[in-house]
Amino acid sequence: MEATVAERGQITLPKAVRDALGLTKGTQLKVELEGSRIILRKSVDDAISRARGKFALDGFASADDAVRAVREEGQA
């Protein structure tokens, strides 16, 4: 796969790459140089922040209560 650098230094990542990594508008990427290579890494902090508040607690008062119940189930 290839990407072309535009006039202002922008590139468009191929759709297959965006889909495989779940990259959407606003996703933060870390940019690193390794010799002559450019390495783009999906920011873990960004993935966590987007997931925050997206899961139902299925009747539990808090996430801590839900985790506690799951742990107790595993010990039974």
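This is a predicted model: local features need pLDDT of at least 70, side-chain atom pairs count only at pLDDT 80 or more; totals for chains, interfaces and linings use all residues.

**Entry 1: layout.** Next I looked up the secondary structure and found three helices and two strands. Their order along the sequence is α-β-β-α-α.

**Entry 2: surface.** How much of the protein is buried? I get 8% of the 76 residues. The accessible surface comes to about 7000 Å², and carbon and sulfur atoms hold 52% of that.

**Entry 3: nonpolar patch.** I then looked for greasy surface and found a nonpolar patch of about 690 Å², built from Val-5, Ile-11, Leu-29, Val-31, Leu-33, Ile-38 and Leu-40. Two elements, β1 (29-34) and β2 (37-42), each give two or more residues to the patch. Which element gives the most? That is β1, with three residues.

**Entry 4: a threonine in a loop.** Thr-27 lies in the loop between α1 (15-21) and β1. Is Thr-27 buried or exposed? Its relative accessibility is 15%, and because the cut-off for buried is under 20%, Thr-27 goes down as buried. I also checked where the side chain of Thr-27 points, and it reaches the backbone oxygen of Thr-24 at 2.8 Å.

**Entry 5: salt bridges.** I searched the whole structure and got three salt bridges.

- Lys-15 with Asp-19: the closest N and O atoms are 2.8 Å apart. The two residues are four apart in helix α1, so about one helical turn separates them. Both Asp-19 and Lys-15 are exposed.
- Glu-32 with Arg-41: here the closest N and O atoms are 3.2 Å apart. Glu-32 is partly exposed at 33% relative accessibility, and Arg-41 is partly exposed at 42%.
- Asp-65 with Arg-68: their side chains meet at 2.8 Å, N to O. Both residues lie in helix α3 (residues 63-75), three residues apart, which I read as about one turn of the helix. I have Asp-65 as partly exposed at 28% relative accessibility, and Arg-68 as partly exposed with a relative accessible area of 44%.

Definitions and conventions
Residues are numbered from 1 along each chain as its sequence is written. Side-chain values use heavy atoms; hydrogens and water are left out. Buried means under 20% relative accessible area, exposed over 50%, partly exposed in between (1.4 Å probe, protein chains only). Accessible areas come from the Shrake-Rupley method with a 1.4 Å probe; for residues, only the protein chains shown count as cover. Patches are made of residues with over 30% relative accessible area and no salt bridge: like charges are joined within 9 Å, nonpolar side chains (Val, Leu, Ile, Met, Phe, Trp, Tyr) within 5 Å. A salt bridge is a side-chain nitrogen of Lys or Arg within 4 Å of a carboxyl oxygen of Asp or Glu. A polar contact is a pair of N or O atoms within 3.5 Å; within protein, one must be able to donate a hydrogen and the other to accept it, and residues adjacent in sequence count only if both atoms are side-chain atoms.
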